[in-house]
Amino acid sequence: MMRGVNETPDIDQLTAISPVDGRYGGALASLRPVCSEFGLLRYRVRVEVSWLLHLVAEGVLPEMGTLEPAEAKTIESIAAGFDVAGARRIKAIEATTNHDVKAVEYYVREQLAAAGVADSLGEFIHFACTSEDINNVAYALMLADARDQHLLPALEAIGQDLAQTARRYAGLAMLSRTHGQAATPTTLGKELANVASRLTAQRLNLQAVEPLAKFNGAVGNYNAHYAAAPEADWPAVSRRFLDSLGLTANPYTTQIEPHDWIAAYCHALIRCNTVLLDFCRDTWAYISLGYFRQRAVAGETGSSTMPHKVNPIDFENAEGNLGIATALLEHFATKLPVSRLQRDLSDSTVLRNVGVGVAHTLLACHSIRRGAAKLDADEQRMHDDLADRWELLAEPIQTVMRRYGLTGGYEELKALTRGRKIGREEIRTFIKGLNLPDEVRQRLLDLEPASYLGNAAAAAGNLPS
C-alpha cells in the first residue's frame, strides 16, 4: 500500500532531503555533533552553564554565593554530559515556548533542580543575556571546532598527499599546455608542488581567522548588567568569559556581533575551495590526456553501457561539491554582516546552514583524496608526448641568441616553427649554423624537450614540508 501524500516517512538516508544527511551522511558522521541542530543546542547549553559558573567565579554578584568544587563539577556535567536525550527535551520545551534559546534556559534550570542545586542559583541562568549573546557564542564555537577539528586537518592531509606525490614525480618531464597548446616543458612534480604551495597558503589564511563574539546584552551596551550591578566592570567580566571559551571579545556591537569575522572565515574557505577546484579540473584533464591512469576498483562500474569505462568520478564529484560549498559560503559572507538597525532576524535561518557549506567542502576533500589515491602517472605517455616536440626548443635557442648578440633570432625561429612540428635534425641544423661559442652551441645541441626543464625538478624536490 502506498503512503498518502500527507504521511511523513521515517527519516533516514533514503528520505533525507539534503544529501549531506542522506546519500553522503555516512561520510559526514563525525561532523554531526558539531554542525547539526544537536550540535547547536550542545553549544548553547555550554554557553549558559559556563556563564553561570563564570559569574560565580567573578564574584560580581554576591547574592550568588560560592560553590564547592563538587557543586561546580555537578553544574559543569550538565554541559559535558549533554546528549541526544537532552536535545529532545529542549525541543519538547520549545514546542511550548516557541523560542529556541528560552527553551535551553528552561532545560538548564531543570537540570540544576534535578541535581539539587538551589533554585536561587538557577535564577541566574541567562543573567542579563539576550538570546543573541548565547547564539553568537554558540556559532563561534561551532565554526571554530568545524575548522580546527575537520576543515584544517582535511586540507592539510590533501596538502601532504600533494607534496609527497610532487617529490615522487619531481623529475618526471611533462609537456605544458598554455591556451591548450603545447608549451615549454615542466615536470609533473612541479605542477603538483604549485598546488600544494597554494593550498598551504590558503589553509594558513583560514587558520588565522580570529573567532569573535559579543556578550554585552540587548543592544551591546550592558544596559541590564549595569542596572543590576552598576559597580561591576562588565566589559572586563565579559571579556574574561569569552577568553575562557577561546574567543575574542568584540566590544563594539549592536544586539548582534556583526559577523565580519564569519565573512572572513567564509572567504578564506572559498579561496581554499578555489585551489581545490582548479586542481580537480586540471587532474581531470590530465586523466583525459592519458598522463594519469586510474586504478580500477573491483566491482565498480564506470558506465551502464560501456564496460571499458573508468571515469574520473571522484574529481567530478569534488568539483560539484566545491561549487555548492562556495555558493553557500559566498552568500554567508555577503549576507551575514548586513542587519537592519540594531538587528533583524534574517541572519538566523542563514546561520543554521553554515554547517552545510562546511559539509560540502569536506565531501570534496574526501573525494579528492580518494581519487588521488587511485592515480598513477603514465610515464611512457608523457615521454612520448614530449619526444616529437622539438619545436619547443625555439624558446631557449632564441633566448641564447639574444644573449650573444645574434639579431632576429625570434623572427627566424618563428618562421621555422610557428604552427608546425619540426624534427630533431631541423633544429640541430639550425643550431649548427649559429655563430655561437662552441661550448654554448654544444649545450644547445645536447638539449632535448625532456631535458629543457629549468629548475622544475629542484623546486618540486625542495617543496617545504
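**Figure 1. His 179 sits in the loop between β1 (173-178) and β2 (181-187).** The model shown here and in the other views is predicted. Most residues other than glycine have a negative phi. His 179 is not a glycine, yet its phi is positive, about 60°. Is His 179 buried or exposed? With a relative accessible area of 80%, His 179 is exposed, because the cut-off for exposed is over 50%.

**Figure 2. His 259 lies in the loop between β4 (248-249) and α11.** His 259 also has a positive phi, near 70°, in a residue other than glycine. Its relative accessible area is 3%. His 259 is therefore buried, since buried means under 20%.

**Figure 3. Helix α8 (residues 188-208) packs with helix α11 (residues 260-289), their axes coming within 8 Å.** Two packed helices are described by the angle between their axes and the distance between the axes. Here the axes cross at roughly 165°. That angle makes α8 roughly antiparallel to α11, because angles over 145 degrees count as roughly antiparallel. The crossing of the two helices is left-handed. Which residues of α8 and α11 meet? From α8 come Glu 191, Leu 192, Val 195, Arg 198, Leu 199, Gln 202, Arg 203, Asn 205 and Leu 206. From α11 come Tyr 265, Ala 268, Leu 269, Arg 271, Cys 272, Val 275, Leu 276, Asp 278, Phe 279 and Tyr 286. By class, this contact of α8 with α11 holds twelve nonpolar, two polar and five charged residues.

**Figure 4. Asn 273 lies in helix α11.** Asn 273 counts as buried, because its relative accessibility is 1%. Beyond residues up to four places away in sequence, what does Asn 273 touch? Its partners are Leu 322, Ala 325, Thr 326, Leu 329 and Thr 361.

**Figure 5. Helix α12 (residues 313-335) and helix α14 (residues 354-372) pack with their axes 8 Å apart.** The angle between them is about 160°. α12 and α14 are therefore roughly antiparallel to each other. α12 passes α14 in a left-handed crossing. Among the α12 residues in the contact are Phe 315, Leu 322, Ala 325, Leu 329 and Phe 332. On the α14 side, the contact includes Val 356, Gly 357, Thr 361, Leu 363 and Ile 368. How do the residues of this contact divide by class? There are 14 nonpolar, seven polar and two charged residues in the contact of α12 with α14.

**Figure 6. Val 350 lies in helix α13 (residues 346-351).** Val 350 is buried, because its relative accessible area is 11%. Not counting residues up to four places away in sequence, Val 350 touches His 331, Phe 332, Lys 335 and Leu 336.

**Figure 7. α2 and helix α4 (residues 84-97) pack with their axes 10 Å apart.** Their angle is about 85°. That makes α2 roughly perpendicular to α4, because angles of 65 to 115 degrees count as roughly perpendicular. Glu 37, Phe 38, Leu 41 and Val 45 in α2 meet Val 84, Ala 87, Ile 90 and Lys 91 in α4. The contact of α2 with α4 has six nonpolar, no polar and two charged residues.

**Figure 8. Leu 52 is found in helix α2 (residues 37-58).** Leu 52 counts as buried, because its relative accessibility is 1%. Leaving aside neighbours within four places in sequence, Leu 52 contacts Met 64, Ile 75, Leu 112, Leu 121, Phe 124 and Ile 125. How many residues separate Leu 52 from Gln 398 in sequence? The separation is 346 residues, and the C-alpha atoms are 76 Å apart.

**Figure 9. Val 45 and Trp 234 touch the most other members of the largest nonpolar core.** This core has 125 residues. Helix α7 (residues 131-168) gives the most to the core, with 17 residues. A second, separate core has 20 residues, including Val 400, Leu 413, Leu 434 and Leu 436.

Terms used
Residues are numbered from 1 along each chain as its sequence is written. This is a predicted model: local features need pLDDT of at least 70, side-chain atom pairs count only at pLDDT 80 or more; totals for chains, interfaces and linings use all residues. Side-chain values use heavy atoms; hydrogens and water are left out. Axes are lines fitted to C-alpha atoms, for helices over the stretch in contact, and angles run from 0 to 180 degrees between N-to-C directions. Helices (H or I, at least four residues) and strands (E, at least two) are DSSP runs, numbered from the N terminus. Angles under 35 degrees count as roughly parallel, over 145 as roughly antiparallel, 65 to 115 as roughly perpendicular and the rest as oblique. A crossing is left-handed if the near helix is turned anticlockwise from the far one by less than a right angle, and right-handed if clockwise. Contact means heavy atoms within 4.5 Å. Ala, Val, Leu, Ile, Met, Phe, Trp, Tyr, Cys and Pro count as nonpolar, Asp, Glu, Lys and Arg as charged, and the others, Gly among them, as polar. A nonpolar core is a set of buried Ala, Val, Leu, Ile, Met, Phe, Trp, Tyr and Cys residues joined through side-chain atoms within 4.5 Å. Buried means under 20% relative accessible area, exposed over 50%, partly exposed in between (1.4 Å probe, protein chains only).
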